[in-house]
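Please keep the sequence and the 3D view open while reading the points below.

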Amino acid sequence: MALHPAPITLTPGVRSALEEKVASLIDSETGTIGPEIYADPYLHELEQERVFGRCWLLVAHESLIPKAGDFFASRMGEDPVLVVRQKDGSIAVFLNQCRHRGARLCRADLGKTKAFQCTYHGWTYDLGGNLVSISKSDAVGGDRIDKSEWGAIKVAKIHNFYGLIFATWDEDAPSFEDSLGETRWYWEAMFNRPGGTEVIGGVQKWEVPANWKFGAEQFASDIYHFDYTHVASALAMMPEGMEYQEPPPLEGRQFRDRGHGGVATPMVEMSDMQTAMAMGMEVMRYNQSTRDAHAKLVGEQAAKQTQFVHANMFPNMGILPLNQTLRIWQPKGPNAMEVWAWTLVDRDAPEDIKKQCRIKTQMTFASSGVFEQDDAENWTEIQRVLRGTKARKTLFNNMIGANESKDPSGKYPGRTDRAQSEAASREFYSWWRDLMLQPVQGE
Amino acid sequence: MAFETVASLDDIEDEGTFVVDGEPKIVLFRVGTDVFATQFFCTHEDAPMDDGWVGDDCTVECPWHASKFDLRTGEALGPPAFEPLQTYPVRVEDGAVMLDRG
């Protein structure tokens, strides 16, 4: 097993030096990025503490763990966690680490269990992560240890958002809904589906030798790259008999707040054509058939007038609603990420529609998806260049956009700019910088 | 020998368990139309056997450390347990599950 570089333990002095560095690397007023934020191992460590140690993070979809004892081995940043359905139907999330010598309590990716027994010395924990048995207790004096003090470390808060399970280590974290700020309308529209959603076909995991922020930032803020990065793939995906035409200027708005970002466009004839191209005619017709029911949940504007294109929930949950891929950009040291991707579908959709979605998502955005590979190629390219010291000192331009804050038509709520903008990227990095400058509990 | 009715067969899912409180506390295990009874705690550590995995080969696996027992005899089939589970006679008559605690 390849190990990524040993982690660095930060001291208060190093943290304060890093704070100065962070403040100098991100200038959201003029829109510049110092690319050391993608490659510096010390900043990566501070990011683990202050971004992943504090934010609400997607850890699972509830459809992965429908019954008592079902579990999914997830991550919160670099920390392994277990997401477990309890006997009373609730969900527990705790650090996947034995309190005795620190091995994982569970090495399976997902499954069903009655308890978690560490494979090293056999210490055993119940579904809630409580230590229930110190093995050979009588012989080794285990009864002198108060088991109630040695359970697995539990997260501070858990929230179920229309089937998406989020957790945070921060007891002082705002409520999940508050953490969405002015972008809440968009997430509600995407995830509050009639009958609920589920993930199908298993999780796909693949490693990309590039910092996780490249994926997150692009999903938050970047439709701009499409006509260049993906032109060959788009040509290859054209249905027979259709000609590739210059895309019309993109209507709609780019939303942003509290580090989140994404793009919503008007639902027009073209939107259905895009769905047909990406997902097939059957899925397009199915989507149309759900709009009345969807409108009852989220309103006419969200369900019938708006096509959601791409989004990133800060820090590391990405979604392409059109292509129905939901993913987590898992950090893996400063120089790599592991993408965890699912196909997200309506739970009540007919089986043949779900199958179509699964196949089409694989073709576009998945480990072997044609568009996915285009993206990974760019991110890997940048990371490789950043091995150079001159390159790491060279500021990136992040100034694209009209810098608007309100939709003149009033249709799209919250802070928005024109669709092709880097306002959401500036928001992403500015929020990231603010978190990096604020200590968390237990540093 | 004193059999008493403690449950109805319909109360227990196939390959499920049912706890009979009292002294001693006992677990019923259903496999098809057969029902078996053993002591409540595993003989290895104090794991509750009603949480165990019941197999259609009339076995139960401890929920904590995966020791396996034969439900018919109580025999320990796999470590870390070596001591057998105490078993109790069970009769199923007209859908009623009758237990003799001895």
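Ser221(A) is buried, with a relative accessible area of 3%; buried means under 20% relative accessible area, exposed over 50%, and partly exposed in between, using a 1.4 Å probe and protein chains only. The structure is a predicted model, in which local features need pLDDT of at least 70 and side-chain atom pairs count only at pLDDT 80 or more, while totals for chains, interfaces and linings use all residues. Residues are numbered from 1 along each chain as its sequence is written, chains are lettered from A and ligands numbered from 1 in the order in which they are written, and side-chain values use heavy atoms, with hydrogens and water left out.

**Helix α6 of chain A**

- Ser221(A) belongs to helix α6, residues 212–221 of chain A; helices (H or I, at least four residues) and strands (E, at least two) are DSSP runs numbered from the N terminus.
- Because 10 of the 10 residues of α6(A) are buried, this helix is largely enclosed by the rest of the structure.
- The buried residues of α6(A) include Trp212(A), Phe214(A) and Phe219(A).
- The side chain of Ser221(A) reaches the backbone oxygen of Ser421(A) at 3.4 Å.
- Where α6(A) starts, a side-chain oxygen of Asn211(A) comes within 2.9 Å of the backbone nitrogen of Lys213(A).

**Helix α16 of chain A**

- Helix α16 of chain A covers residues 423–436, and its 14 residues should span 20 Å at 1.5 Å a residue, which agrees with the 20 Å between its end C-alpha atoms; the expected span is 1.5 Å times one less than the number of residues.
- Of the 14 residues of α16(A), 12 are buried, among them Phe428(A), Tyr429(A) and Trp432(A).

**The cavity**

- One cavity of 30 Å³ or more is found in a search of the whole structure; on a 1 Å grid over the protein atoms alone, a cavity is a set of points where a 1.4 Å probe fits but cannot get out, and lining residues have an atom within 4 Å of a point.
- The largest cavity holds about 490 Å³ of space, a volume being the space filled by probe spheres set on the grid points, which are joined across faces, edges and corners.
- Of its 28 lining residues, Met190(A), Arg193(A), Asn287(A), Pro321(A) and Gln324(A) are the closest to the centre of the largest cavity.

**A record for chain B**

- UniProt, in an unreviewed entry, lists residues 4–99 of chain B as "domain: Rieske"; such annotations may be inferred rather than shown by experiment.
- Residues 4–99 of chain B are 0% helix and 45% strand, and the end C-alpha atoms of this span lie 5 Å apart.

Notes
On a 1 Å grid over the protein atoms alone, a cavity is a set of points where a 1.4 Å probe fits but cannot get out, and a pocket is an open set with protein on both sides within 12 Å along at least five of seven lines; lining residues have an atom within 4 Å of a point. A polar contact is a pair of N or O atoms within 3.5 Å; within protein, one must be able to donate a hydrogen and the other to accept it, and residues adjacent in sequence count only if both atoms are side-chain atoms.
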